[in-house]
Amino acid sequence: MDIPPSKIVEVLVTIPFDETLMAQIREVSPRVRLNTVTARRPEDISPDLLQRAEVLYTDRVLPAPERVPNLKWVQFHYAGVDFALDSALLRKPGLVATTLSGAAAPQAAEFAITMMLALGRRLWDLRASQEKCEWPRDRWERFQPVELRGSTVGLVGYGSIGRELARMLQAFQVTVLAAKRDVMHIHDDGYLAQGLGDPNGDLFTRLYPIQALRSMLKICDFVVVSLPLTTATRGLFGADEFAAMKSSAYLVDLGRGGVVDHAALLAALQEKRIGGAALDVFPEEPLPPTSPLWKMPNVMITPHIAGISPLYNKRAIDLFTTNLQRYLDGSPVLNIVNLEKGY
């Protein structure tokens, strides 16, 4: 984007960040004129502010294109934007939309490791014994772990979360396998905090095209799904994929609900064709109380919280200010949404 060096850029933020983070945005350049309105819908914002806005930072507040004639860039507060892909605003000529991909990678990767350790150590079984005040006589047999150290971990999706997870797993001497859509593009050209992730694609042992996913699954002790939800990935992990997994293997799903086919997942769990699962995302959220997943002993359920952190907003503004400086400099912004790909 070619921005004249003296031009004032009107930035509209619809999320109530604290003043320290607002100051961080202002400090990017004296050319930034920051306007903040806590809004849940476009009608909460004055027509004047909408008309002047050139940059919009928002979660889900997406005005009609005709109400924002000067808008050139939308920065979302989320890494996944499948909810917004049908918005008319994203099809406004000349408009660029970007995601928060990379900002939540550290906590999401840490969550995945937590779940793998919990599954491998049968934490649900240990908790059940505690609730019974029981010291099992067969504890040596019952609590035999699947150790993370020295295991083979398959990463279904090698975006910011998968790459940071690959980095963190090096300490466990894990064999990292990864499956991604475009195996010819191994470098990470999205946002990346310094020292994190795998920017050059150096940390996996083997990379598989997504079409060869089942070949990868056959040799994995743990499988972590972190794919975005698109028309191509919906239901991608189904009955054939569960059939390819080891009966002792564990699944961790923290991408987007709908990538894993839950009918196939339920059958695999009930028939003990996999060792268990940790699930953070679901096709229907909240997960209905009638779902049999709630009461399955080898399933750990969390309410879509893998990416939360007390540092989420700070990391979000670090990304946004990096992108805002690039925008002012006329450089390409990071994490541009590709409407054809769906992320």
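Modeller: Let us start with burial: a residue is buried under 20% relative accessible area, exposed over 50%, and partly exposed in between, with a 1.4 Å probe and protein chains only. W124 is buried, as is Y250. This is a predicted model, in which local features need pLDDT of at least 70, side-chain atom pairs count only at pLDDT 80 or more, and totals for chains, interfaces and linings use all residues. Residues are numbered from 1 along each chain as its sequence is written, and side-chain values use heavy atoms, with hydrogens and water left out.

Biologist: How many aromatic pairs does the structure hold?

Modeller: Rings of Phe, Tyr and Trp (its six-membered ring) pair if their centres lie within 6.5 Å; planes under 30 degrees apart are stacked, over 60 edge-to-face, and the rest tilted. The structure holds 10 such pairs. W124 is in helix α4 and Y250 in strand β10 (residues 250-253), so that the pair links distant parts of the chain, 126 residues apart; helices (H or I, at least four residues) and strands (E, at least two) are DSSP runs, numbered from the N terminus.

Biologist: Why is the pair of Y158 and F204 edge-to-face?

Modeller: Their ring centres are 5.5 Å apart and their planes stand at 80°, so the pair falls in that class. Y158 lies in the loop between β6 (152-156) and α6 (160-169), and F204 in the loop between β7 (175-180) and β8 (206-209), so the pair ties together parts 46 residues apart in sequence. Y158 counts as buried because its relative accessibility is 5%, and F204 counts as buried at 17%.

Biologist: Which residues form one aromatic cluster?

Modeller: F17, Y57, W73, F320 and Y327 do.

Biologist: Which residues does V13 touch?

Modeller: Contact means heavy atoms within 4.5 Å. Not counting residues up to four places away in sequence, V13 touches M22, I25, L34, N35, T36, V37 and Y57. V13 is placed in strand β1 (residues 9-13), and at 0% relative accessibility V13 counts as buried.

Biologist: What lies over the face of F83?

Modeller: A charge sits over a ring if NZ of Lys or CZ of Arg is within 6 Å of the ring centre and within 35 degrees of the ring normal. Here R60 lies over the face of F83, at 4.0 Å from the ring centre.
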